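Reader: I am new to this structure. Please show me how to read it, one feature at a time.

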Amino acid sequence: MATGGLKRKNDSDNDVKAKKANNFWKGGLLTSMNDPDLQVFSDERITVIKDKYPKAKYHFLIMPKKNIPNLKSLKKEDIDLLKYMEEKGRELSKSSDAERQFRYGYHSIPSMSHLHLHVISQDFDSPCLKNKKHWNSFTTEYFIDSKDIIKTLEKTGKVEHESFHFTSLLKSDLRCHVCKKEIKTIPALKTHIQQHSYQVKTTDT
Ligand code: AMP
Ligand code: ZN
């Protein structure tokens, strides 16, 4: 009995430690906001950083200075800020590569704390893109366009969604984001998308 009690205590100590480590990791974006190697722009409303593990040739994160933990915390009064973040994202993609196609959006279930808008080129040409979860998080409905978030907020005054639906999207079969062909593996998908390189270098979305 005594050993069982000790085991339970150790387990709960480990749970607390794991939770603390996870919270520390989830807060990494706030540290990176002030990292001169990652920061690309900052003003009184936002900070823009390079994604530390980019999933495409160009991948930036735009964060508000205001404390907004996630999509659920958004209020109608934040609409102007969200529009400003997207506008800055579009400027940034033009100055990075005006020919390349980009998307501007949010992960429905983010892994990191503090609201962040992904500005990501559609080549997905990066060694950091390694698995199905990475691919599906940027190429399925798991990735919600900034425009749609703004529209929802304008219409309903809040952004809420069913997390179960989004979690299952991460497990979907791999599909090319351009021609929608199903491809079995990430290496095969990476080879396949090279043939679309001209299509992800066309007009703005
Ligand atoms: P999300 O799933 O929307 O929370 O995406 C978080 C993004 O942050 C991912 O694209 C990661 O590659 C990126 N990331 C993770 N840790 C850091 C960090 N410490 N600094 C900058 N970017 C990070
Ligand atoms: Zn294709």
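Author: Start with T47. At 2% relative accessibility, T47 counts as buried. Buried means under 20% relative accessible area, exposed means over 50%, and partly exposed is in between, with a 1.4 Å probe and protein chains only as cover.

Reader: Where in the fold is T47 found?

Author: Helices (H or I, at least four residues) and strands (E, at least two) are DSSP runs, numbered from the N terminus. T47 is in strand β2, residues 46-50.

Reader: Which side chain does the side chain of T47 contact?

Author: A polar contact is a pair of N or O atoms within 3.5 Å; within protein, one must be able to donate a hydrogen and the other to accept it, and residues adjacent in sequence count only if both atoms are side-chain atoms. The side chain of T47 makes such a contact with that of S42, at 3.2 Å.

Reader: What should I know about the model and its numbering?

Author: This is a predicted model: local features need pLDDT of at least 70, side-chain atom pairs count only at pLDDT 80 or more, and totals for chains, interfaces and linings use all residues. Residues are numbered from 1 along each chain as its sequence is written, chains are lettered from A and ligands numbered from 1 in the order in which they are written, and side-chain values use heavy atoms, with hydrogens and water left out.

Reader: How many helices and strands does the protein chain have?

Author: The protein chain has seven helices and six strands. Along the sequence, their pattern is α-α-β-β-β-α-β-β-α-β-α-α-α. The C-alpha atoms fill a box of roughly 70 × 45 × 40 Å along the principal axes. Of the 205 residues, 42% count as buried.

Reader: How many residues surround ligand 1?

Author: A residue is near a molecule if one of its heavy atoms lies within 4 Å of it. Here 16 residues surround ligand 1, and the closest are S32, D51, S111, H116 and H118. The shell divides into six nonpolar, seven polar and three charged residues. For that count, Ala, Val, Leu, Ile, Met, Phe, Trp, Tyr, Cys and Pro are nonpolar, Asp, Glu, Lys and Arg are charged, and the others, Gly among them, are polar.

Reader: Which elements supply at least two residues of that shell?

Author: They are α2 (28-32) and β3 (59-64). Helix α2 gives the most, with three residues.

Reader: Which atoms of S32, Y53 and H118 lie close to ligand 1?

Author: Take them in turn. A polar side-chain atom of S32 lies 2.6 Å from a nitrogen atom of ligand 1. For Y53, a backbone N or O atom is 3.5 Å from an oxygen atom of ligand 1. For H118, a side-chain N or O atom is 2.8 Å from an oxygen atom of ligand 1. The protein covers 91% of the 510 Å² of accessible area that ligand 1 has on its own. Such areas come from the Shrake-Rupley method with a 1.4 Å probe; for residues, only the protein chains shown count as cover.

Reader: Which residues coordinate the zinc ion, ligand 2?

Author: Donors are N, O and S atoms within 2.8 Å of the metal (3.2 Å for Na, K and Ca); water is not among the atoms, so sites may look incomplete. The zinc ion is coordinated by C176 (SG), C179 (SG), H192 (NE2) and H196 (NE2), at 2.0 to 2.3 Å. Along the chain, the donors follow the spacing C-x2-C-x12-H-x3-H. C176 lies in the loop between α6 (163-169) and α7 (186-193) and H192 in helix α7, so the pair ties together parts that are 16 residues apart in sequence. Both C176 and H192 are buried.

Reader: Which partners does the side chain of D97 have?

Author: D97 is in helix α3, residues 79-97. D97 is buried, at 14% relative accessible area. A polar atom of its side chain lies 3.1 Å from the backbone nitrogen of E99. A polar contact of 2.9 Å joins the side chains of D97 and R100.
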